Structure formats: C-alpha cells, structure tokens
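Hello,

Here is the structure I promised to pass on to you.

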Amino acid sequence: MILGVLFFACLVDVNGDSSLHPMLYFTSADVASLRSKSTTTHAPIFTRLKILVDRVKASPTTLLAPTDWKKFGSRWNEEYGNRLAPCAFYALLRPNDKKIEEHVIKAMDNMAAYPDWKVAPSPLDEVPICHSLIGFVSAYDFIYDRLDEKRRKIYMDKIVHVTAEIYDRARKAWWGHSYVQNHVATNTIALLTSAILVVKTTTKHAGVATTWRNFAAAHFRRTIEVLNLVVDGSMDEGTGYGSYTTRSLTQYVFLMQRHMGVNLTGEFWLQQYLRFTLGTTLPGRREIIGIGDSGATWFYGPESQLVFLDAFVLRNGYANWLASRVRQWRLDVASSSTTNAMGESTLHTEYIWYDASVPERSPLSDFDSLQRFSDAGLVTYNGAADADKTFFSFKSGPLHGRGVYVAVENHTFPWLTSWRGSLNPGHEHPDQNSFVFYPRGKPFVTEALYGPKFTFLNNALTFRPSRATKCRAPDEGQLGECGKWLDWKSPGMERAWADVVTASRRDGMVFVAGEAARAYHSHLKLKSVYRATYLLCDDVLLVVDHVETKPDSQLESMNAYFHNRQAPFRIVDRRRRATLNLDDETYYVDWVTANEEESSANGTTGLYDQPRGGGFIRTHFLNISFELDFPRTRVAYLFRGAGAPDVRRFSLIVDSSIGVTVVVDFVGRQSYRAKLVTDYRSVQHRLDYMGFLGYGSVDVIDIESVKFGIELNVTETRENKRATSRLGDGNVMMMISLLLAVIIMTGVALFYFKRKAKVDVHCFVVFIFLFCFVSLPLYLYQTRHASSAMERLKVPTSRSPLVPALFVASLPNAGVDLVAALVTNETDIFHVRLGSSPLGDADVVYLKDGYSEACEWSRDHPRIGDWFRAYFTRPESLFKSTARQTAEWKALKALRWEHPGSIVALLSDGQNMNLKLPWIVNRTGSILHAIFFVRDPRAWVASTMKSAVDVESKLKSMFESLHSHCNVGTGYPTEYKSLEESFRDGKKLAAHELLATLWKANTEAALRINAALPSSNYRLYRFEDLMREPVRIATAIYNFVGLPLPLAAEHRILQATRSDVFNPPRVDAWRKDLGANAIADVERICEKTMRKLGYSRTPLSDHLS
C-alpha cells in the first residue's frame, strides 16, 4: 500500500497538474479570450504568426529542430528555439491545426533526445543553448495539455537537466558576474523562465529550482540597477544587439510581477526606452541607425517591447503607434523577402501583451525633433519621421555610456568591480565623432553596420603614421579597434572617452559638436579631435574638423572616411570634390582647407566587402587624406543632397587661433557664414570669439543671425516676472503721464489756432508754468528714484563683455542640493557651497546655518564683503590665503587653474542668504546673476521635520542674532516680527506650525527684498518645477548666465531627479509624511504666499480621506 502511494506521488510529480498550464504568461482561463482576439484587435499580429506557421509547415525540418543532432549543433542554431515558442503558441490559439502541433511536438522530441544543445564551433557559448531552453520551456507550457504523460516526463527531465547545466555555468562563466550585456540578459532570462516553470510544475525539483530562480532574479535585478544610471533609455550595444537585452528585460519585468510580486514597471529607464527607439529609427520607420553592432533593421522586436511599454509602463499610445507601423511594414514585405527567426521569436509575447484598449497616438508632435541622448553621447534629428524627412545623427560618447563609465570610476556599486570583471562592451564600435546623413530620407552618409571593429568603417578620423597599430598600418584609429569585437580589455581603454560638447537646433538649423581626443591612444599625442556639424537646411550638411596635436606628436596626416552602403562615390577632383548617384540623382561632397591653393587634400574611393553570418558588411567609402598643420589643422566638408543648388563659393577662413569661419555661397540661394570657436574649453575665448558663451553660430546673409544653444525666451514663473519688473513700473507711469500732458497741450493749441482766437499771453504762460511745476518734479523724483536703485545694485543695464557670475540661494532642502548636482564636475562653472568650502571663508562660515543671522543688509560688512568680492572677481586669491590645503582644496585649485575663465558660482542653502541677494550684487562689483529657489511649504516642512531639527532652539538663536546684528545700517525684516510674536507669545505651537510660519516669513521677505533686482540679473524658480521638468529648468538656469546646457549637465540633473540610485526627493511625499491636520495648518498659515508662487491648496476631499 505504501509503495502504491509513493508510486502515485511520483506519478503526480512527473505528470504535474494539467490545470496549472499554461501558467508562464497567462492561465487556461485566458485562452478563450486570446483565441477570439485573433480575428479582431490582434488580427495583424496573428497574420504574422500564421505566415511563420505556413513557412514551417512547408519546411519543418529546416525551420524547426532536425532529427540529426550533429546537424543541429553544426552551426549557430538559436533560430530553432526562437521559432518553437511562437509556433507552439499558434497551436494553442488554433487547436484544430493538428499539422503545426505535430511539427512542434516532433521538434521537441528531437531536442529532448539530443545529448546536449551546444553548438560545436562554440562549445563554451551558452547563448544558443539558452535560446533553445526558453523556446522549449515556453512551448512545454503552451501545449502541455496536448502532451501525453510520457512526453511530459521526458521533456521535464530535459528542462531540469539543461537548466541545472546553465545554472552551474552561471556560477563560473563571465556572464554570471557581469551586467547589461546581451549574453547576460539572454542566459539569465532563460534560467529564470525555466526555474519558474519547474518550481510551479514539480515538487521533486522545486527546492533546487527555487535556488535557480532566486539567483536569476537577483542577477537580472542588478542589470536593472545599472540601467537606473542610464537616464536616456539607451543601450550601449545599440539598437540591433541591444534588442537582445530589451527582449529579455521586458520578459523579466513581466515574469517578476506575475510570479514574484515585484513591480518594476516604474523604472525610469523603461520610461525612456521608447524615446531611444524613436530617435534611432530612420524616416519611414523601416530601418534603424547602426549604433553598435546593428543590422539595417531590428533584431528582436521591437514590436513586442513596444506593446509591453504601452500595456504596462506608458499607456499613452505612442509605443503602440510605432509598433503598428513597423508591423505593417513587415506584413508589406513578408511575401517578397524571408523574415528572420529573431523577429519571429517575439510574436507570442507581442500577441500576449498587446493592449488594444490603449489607442494608438502619434508621438511625433509631442517629441522634439532633436533628441539628445546624454548617456550614449548620441544626438538624432527627425527620428521615426515620415519617409521624405531629413535625418541626421551624431555619435560621441564614453565607453559603455556616461552613467556606467562614471559608476565604475566612482565605485557606485560594490559588485560593479571593474571593466574587466563586471562589464563587456565588446559590441560597441570605435565610432566617436561619427555621423549619419539622410537628406529628405535618402541614404547619403551611412554606417557599415555590424562587422569588424575598424574606425575607418565608422565615418570617423584615422591618423598616420603609427608604429603601434595592430591593423591597417600605418594608419591608427580609435582605441579598441582591429578585432571582431571591440577590444575593451586592451591597455588604455579605461581612459577611452568622447563627448557631445553641444547640441541644439534653431530656426530650422541644427548644430552638434563633439570631442574625441581621448578615444585615441595617448601615444598619438592628440590634444583635440573636435568635429562640428551644421545642418544648414534639409539638403545641406556642413562638417568642420579641428585637430590639434601636442608639440611632441609624430603624426603627419589624417584620413576622413565617409560611407554609403548602396552606391559608390566618384572622384570629380581629388583635391576638392566627389559625387554619389542615388536613384538617378547626384549628391555632392566638397572639402576645403585653409590654404586652398596649396591644399594637400587627396580624395580616393573604395569598397569594403566582407561576408559575415548576416551577410551585410558591404560598404562603399570616400577617403580624404590631409597633411597635418602644426599645431592645428582645420578642414571643412560640405554634403549637398540632390535638392541643393550649386556652390559659388566654399572657403575656410582661419581668422584666429581660437576659431574659424566657413563661407558657403549658393547660386541663387542664401549665403551662409558659419562661425566656430575651436578653443571651446575656454569660456572667455568663446565670449571673445563668438560674442556669446555658445560654441557656434550661423549668419544667413541679409536674413538672420543664429546663435546656437541659447534660448532667447526662457519661461519664467509668475512671481519671477512680478519680482523683476518693479523698477520699470514707475518710469512707464511717468512716461504715460507726460504723454497725456503733451496730448492735452496740443489739443488746446489746435483749438485756439483753428478759431484764430487771440490767446491771452498771460494765461498761456501760466498754463505752461503749471504744467512744468507739476510734471518736472515728478520726472526728477522718478529719475532719481530709479537711478538710486540702480546705483545701490551697481548692475549694468547693458551686457558687459566680462564673464558673468552666479549666486544660488534657497532654504535648506529647497533646491540648492539639486543645483549642486547640476554643476558638479562642470568645467564651465567653478562653484563651492557657502560655509563648507575650503577657500578660507571662516569669516562667513556662520552664514552656513539655515537658521542664523537673518538681517536685511544695506551697509557693508568689511570682512564678509571682501570675501564675496574676492570670490566672485578673483577666486584664485583665496587659494593663497587658505592655510588648510586639503584634498578638496587641491582639487578645486587644479580645476580653477585648468579652466581659469570659467563662470564663478556660489551656492547657499542658508535661509538668510536669500535675503541678501541685492547686497551681494552691490558688493561683488561683477555681473552677478542671482537665483532664488522656493519649495512648496508643505514639502519643505515635511522634509525639515524628517531631518530632526530642534526648531525651537534654532529659532531662539536666530532671534537673538537678529536683535544683536540688526542695528545701524541693517534692517530687521518686518515679515519676521509676526514670526517672533508667535514664537514668544507663550502659545505653544507645534513644530510644523513654527516651520510653516518661518517659511512664510522668509519667503515673503525674500520676495520683497529681491524685487529690486532687474530681470536681467534675477530669477526665481520652484523646486517642484526642477523636479518635474529637470531638463527645461536646467536649460533655463544655464541660459540665464549665457551658457548652452551641456549633455553632461543634462545627464547629471536627470540622475539627481530620476535615478533611484541617488534617492531623489519625491515632489508629493508630503501628502504621506504630513497628516491631514498638519497639511491644513500649513496651508492656513502660508496660503497667501503659496498663491503668489502658484501652489494650490489640497482639496477638501483629500483632507477628509
């Protein structure tokens, strides 16, 4: 009897419970609904499934796993596993189609009988095994009720055996200790999916399968944590190979929520991934740009990933819109071309996840046509636009992207140990400062796509001679080149860095520039490899290369490469012109140097053709070589589409050691003067050469002058506009009064002259006297009032040629911390925090305390005034007077010495400093730009209470300071009197009430005092606006001092406000942190001030709930 029970138990364990399956993505209760959708909302996806199934039926032994094991393992074979899951899913949707069911079961029989699933040429590569495993596991789940008991046991045994093997390999192989790479994602998702199935299907292996599941879940979770640093939704492996990871990542997020109750749909990277997909899609939405190892189109998906986004993350219809367009294109070409197993492998998840209740909506009108991907170092223009739109992209970024690069340097995660131990960017390309140009949707300058890692295949520069190059001697390109994969372990790769210096668009033109000197080996002695691009109009792209070598460089020449996969270039004049013929239309490439008559330029053409597994490495190239001029070489190239007119003049004028001007005159069209500062690292040189702090400009002769990177109309808050307009109000009223008086006088005179009446001379003189008696004193008073105000502030009314300075003040936890994150490591802005810098500010250190002296200053404080004056005008002097030379002191000194002309900024979150902005402007004698940050009082009170501040003792100390310091020449802010009365009247106020009263007093006083500052030198911003729209407000802050917003700063502010790694403050956290009564108290106390600043009261219903 006992033996019978045991036998029955084993039988149940082997056979499982048929009611449990399907269970990975849905249950048996969902099957009827899924089947009905095949003829309605999901019909287009089902059509693609049917196309695949029809092909499999026609050739089952070719498209599914064959009987011959040696044939199965003779080559890379992921396609078998890729097709198995969608075919099994189709069999579930169409149970009467016995033919496809038979083919699926036959393939699974074959795979279960194989000794192993390895690929013989790559026995140590687990990726094809894991493709087979996830396909096999998914098929097992989908057709479980069609399997007899014997097959269930055989298949389960095979699943357990292979999963155990993968887990064992994960503990030893590199991918089990690495993150954000296609092998890592592919293998880990297969391990997780299989483990979930085993845990929920059989008790016999549930214990060990739980270990597999937990390992896979934790390992993939770390990839998510790393991606939290990648704020632009990009993948370092590009859009092609990156789809391996995104396919697995969306499955991981779904399975974690369905089976382990972990919701990861709010991750910021997921929210940004659609933007990256749109930006890297070429016009017409059929192909992608070749960042990293990519083909002409997507590998896995992207339809499955896109519908996942709209079903679980975005729900705005944008992703469904793009998925629908890509899907329709695939259907259009299905009959004329062979689809690949990669794209087919996600058909089942696309079908399962598609949510037809989210209507499609075009994102093109809501997305800026110029997309800046600050992590990848990528800029794209007109991504995913209609087929006839001009597309342009520019790439210049650090190894593995900015977020990961900095994380490795800063040891952000203890388990992200090093490049060699935790990462594998082998699918990246040596492509820094490369670009792509499709005028009106036609492929003019393209990439060579997935292939060997040569710099010359990536529209970039190479140099010669090099004695250290590993390939293509004597030329040498960027670090890591020459192999099948990027050699990211080679010496020097840890310093590989490139950056998009600036990127902006204006008036129909686009300007992007990048620096890539550190992408080349240090033995080349390159000081700068700076490339600037101007998209002048849809048909014309101007490119300028500036190469600067160090004195001991042995380089003699450089080579510029440009590619086209469809047609060959033809040399017209080797010194200045080549052409390209596309669709019977001619495209032109012109090039010019500063010494055009003695130009060493030499243009040649070639074809690179190397078959690969994918068969897509065939590209035509134009190679233009130039002899290097020491120390600087400047070259310009003009790419003209078929719609561009002939060129009358194209010349490069080197009018300065720090900049160049390019002249482009078209026949019968506009003439352009493009100006570029090449010593772009110096703020002062940019100002001297450009006349503003940007990097480039274009003068369209007789039409307009375009300065890139500076927005002329920066949105201000209502209070900002009010606070910065007071000085002009009186003058406006005075002018109106005088104008009315003149009108009245003119009317009286005309009345008498028309009637030729005799005018009583005495009366007329009296009238004139009365007019002067009334108006002249008013005018003199107003003039003197305005003059005295401007004299007190000592702010020039016109822009000075001097570099501006910046002071930012806020209450504690109200904005300065975010600004500090924005400008940290910024070479254009030298900054310190008041009271915590090592620059000898002992005399002002007491101002650091957010509750210290709060007087309204109008007289000088000699020691404090001297320090402010020195800091804003000559901060170098403070290094000399500082006794303690700490590590921070040394770092600041090195930064200032390296960038001596950078903007000087001072940040203070002492609550009193926002009351002293006019005083600081007066004492510094510089063009000081002041910013006051405010925060919602409810959020500020909640945040301050969390910091466990002893409010009563702090206020007591503040009032003592007020009475001791607010004497002759200083003022006790009237707004603080009510606060002091509330504090001393004996009535016990709760901590939140005291803080709310303090917020009100400080903010009202600051608004009143700072209203005297002119709009050109003062801004008021809300903390919440910076949190909700970090890029817009950061752009406004930089533009306020005349700077374009760098991509590096954009990346920093996005990390500070969005990345969970940095624990950003939550805008509405006060709703939970404060009780309903406390919220009501704060709103009662601060309501008037809140209304001024645009903060709304909490609805009564929220209080009641």
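One term to start with: a residue is called buried under 20% relative accessible area, exposed over 50%, and partly exposed in between (1.4 Å probe, protein chains only). Please keep in mind that this is a predicted model, where local features need pLDDT of at least 70 and side-chain atom pairs count only at pLDDT 80 or more, while totals for chains, interfaces and linings use all residues. Residues are numbered from 1 along each chain as its sequence is written, and side-chain values use heavy atoms, with hydrogens and water left out.

Now the cysteines. Taking a disulfide as a pair of cysteine sulfur atoms within 2.5 Å, the count is one disulfide. C471 and C482 form it, with their sulfur atoms 2.0 Å apart. The S-S torsion of C471 and C482 is about -70 degrees, so this disulfide is left-handed. C482 is partly exposed, at 22% relative accessible area, whereas C471 is buried at 13%. Two further cysteines, C87 and C130, are buried too, C87 at 0% and C130 at 0%.

Then there is a helix pair, where helices are DSSP runs (H or I, at least four residues) numbered from the N terminus. The contact (heavy atoms within 4.5 Å) between α30 and α32 is made by V951, E952, L955 and M958 of α30 and L994, L995 and L998 of α32. Of these residues, six are nonpolar, none polar and one charged, with Val, Leu and Met among those counted as nonpolar and Glu among the charged.

Enjoy exploring!

Conventions: Helices (H or I, at least four residues) and strands (E, at least two) are DSSP runs, numbered from the N terminus.
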